[in-house]
Amino acid sequence: EDSGEQYLARVPVDGSPLDHAIGGPRWVGEFDVGKAGQIAALVSEPNLPQEVFLLDKGRLERLTRTNDAVLGEIRLGEVENVRFPSKDGAEIEGFIVKPPGFVAGTRYPTFLRIHGGPMMQYDFGFHLEAQLFAGAGYVVVMANPRGSAGYGQGFCTAIWQHWGERDFEDVMAAVDDAIARGYADPARLAVGMLTNHVITKTDRFKAAYTGASTAMYIVNYGHDEYQLWWEYELGLPWENPELYQKLSPYFQVDKVVTPTLIVGGEQDWNVPIVNSEQLYQALRRLGVPTELVVYPGEFHEFTTPSYLEDLYTRMLAWFATHVPGPEAP
């Protein structure tokens, strides 16, 4: 992972620089090396879902055309790679996916899609969910805030024991950047992921979606799979309860006014569903419009096609209910 790229590299044993076997503005995933040195790999680009490519004698050739028939029947949104300053001047990189038929000078309802992790990155690969929302008329903003991978150790650990601070500033800077470019309508904003922090800090969003999210961090100790990590960064809960409480968005939930759709998998042991249940109960108690959807047998990332279809249908319906539609078809 490197500044929005995910490349395949050879590492010379003599310490000389990396050789980017398959690089550039694309995503490279699983690969296999043949006896004669050829490399077969899954490769994706902004407007191309994963296909098998072959690297042979320096020439990269696409072998499969699995999605050509589907892509031939639809229009995709243009993907723009952007950079912009955050509140403190730090440079942040991201991607903006525009609706098909985007008209310059027209402001569109905008979906701030924030990646989880937080140690991962949005990249030059194909993003189905972003294209889905772009196809529904939204400008989709995807930033790599501090905490993301691909920008060095300092950038990744900049949110150490400070979750929801600099990363919040970075994603809000992404929204302001899209507004400044004339793409986003500041009165029609929706948000997903890092949501529990965002909706406790701002009322700018008309709708929110939070999936497989955490709320009261201390509840997860002994229940999720991250015991060593909790101890490493936040310490033992009974020795450091103040820090657990300070960072938990649950204790700021009384500030939330944004209608929020809450989603999770029944068998999620990364972020157990108890988090979603507690957030839902709190928002209902406070009178904030909310809905909780739990998918039976699903883990942290859903794999059942019918559940994925249901999830996206619900998300689109939730945003359509609370965020006024696009000005142009």
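**Entry 1**

I began with Ala212, which sits in the loop between S12 and helix H6 (227–234). The model I am reading is a predicted one. I looked up the backbone of Ala212 and found phi near 50 degrees, a positive value in a residue other than glycine.

Ser3 is not a glycine, yet its phi is positive, about 50 degrees. Ser3 belongs to the segment before strand S1 (8–10). With a relative accessible area of 18%, Ser3 is buried.

**Entry 1. The eight-stranded sheet**

I next traced the sheet that contains S12. It is an open sheet of eight strands, in the order S7-S8-S10-S9-S11-S12-S13-S14, and its pairing is mixed. At the edges I found strand S7 (79–85) and strand S14 (290–295), each of which pairs on one side only. On average, neighbouring strands of this sheet are turned by 25 degrees against each other, direction ignored.

**Entry 2. S13 and its partners**

I followed S13 in more detail. Strand S12 (residues 207–211) pairs with strand S13 (residues 260–265) in the parallel sense, over four bridges. Within this pair, Tyr209 stands opposite Leu261 in S13, and the bridge partner of Thr210 in S13 is Ile262. S13 also pairs with S14 in the parallel sense, here over six bridges. The partner of Val263 in S14 is Val293.

How many residues of S13 are buried? I found six of its six to be buried, so I record the strand as mostly covered. In a regular strand the side chains alternate between the two faces of the sheet. I therefore checked the faces of S13 separately, with under 20% relative accessible area as the limit for buried. Thr260, Ile262 and Gly264 on one side are buried, as are Leu261, Val263 and Gly265 on the other.

**Entry 3. Helices across the sheet**

Which strands does helix H8 (residues 274–286) lie across? They are S12, S13 and S14, and H8 runs at about 160 degrees to S14. Helix H4 (residues 166–180) lies across S7, strand S8 (91–97), strand S9 (108–113), strand S10 (139–144) and strand S11 (184–192). To S7, H4 runs at about 115 degrees.

From helix H4 I picked out Phe168. Its relative accessibility is 15%, and Phe168 counts as buried. Leaving aside neighbours within four places in sequence, I list its contacts as Leu194, Val198, Lys201 and Thr202.

**Entry 4. Helix H2 against helix H9**

Two packed helices are described by the angle between their axes and the distance between the axes. I looked up both values for helix H2 (residues 128–135) and helix H9 (residues 305–322): the axes come within 11 Å and cross at roughly 40 degrees. H2 and H9 are therefore oblique to each other. Their crossing is right-handed. On H2 the contact is made by Leu128, Glu129, Leu132 and Phe133, and on H9 by Tyr312, Met315, Leu316 and Phe319. By class, I record seven nonpolar residues, no polar residues and one charged residue in the contact of H2 with H9.

I then checked burial along H2. Glu129, Ala130, Gln131, Phe133 and Ala134 are buried. What covers the buried residues of H2? The cover includes S7, S8, S9, S10 and H9. After H2 comes Gly137, with a positive phi near 105 degrees.

In the loop between S9 and H2 I located Pro118. The peptide bond from Gly117 to Pro118 is cis, with omega near 5 degrees.

**Entry 5. The four-stranded sheet**

Last, I looked up an open sheet of four strands, which has the order S3-S4-S5-S6 and antiparallel pairing. Strand S3 (27–33) and strand S6 (59–62) are its edge strands, each pairing on one side only. Its neighbouring strands are turned by 30 degrees against each other on average, direction ignored. Strand S5 (residues 48–56) and S6 run antiparallel and are joined by four bridges. For Phe53, I found the bridge partner in S6 to be Arg62.

Notes:
Residues are numbered from 1 along each chain as its sequence is written. This is a predicted model: local features need pLDDT of at least 70, side-chain atom pairs count only at pLDDT 80 or more; totals for chains, interfaces and linings use all residues. Side-chain values use heavy atoms; hydrogens and water are left out. Two strands pair if DSSP finds at least two bridges between them. Helices (H or I, at least four residues) and strands (E, at least two) are DSSP runs, numbered from the N terminus. Axes are lines fitted to C-alpha atoms, for helices over the stretch in contact, and angles run from 0 to 180 degrees between N-to-C directions. Contact means heavy atoms within 4.5 Å. Angles under 35 degrees count as roughly parallel, over 145 as roughly antiparallel, 65 to 115 as roughly perpendicular and the rest as oblique. A crossing is left-handed if the near helix is turned anticlockwise from the far one by less than a right angle, and right-handed if clockwise. Ala, Val, Leu, Ile, Met, Phe, Trp, Tyr, Cys and Pro count as nonpolar, Asp, Glu, Lys and Arg as charged, and the others, Gly among them, as polar. Buried means under 20% relative accessible area, exposed over 50%, partly exposed in between (1.4 Å probe, protein chains only).
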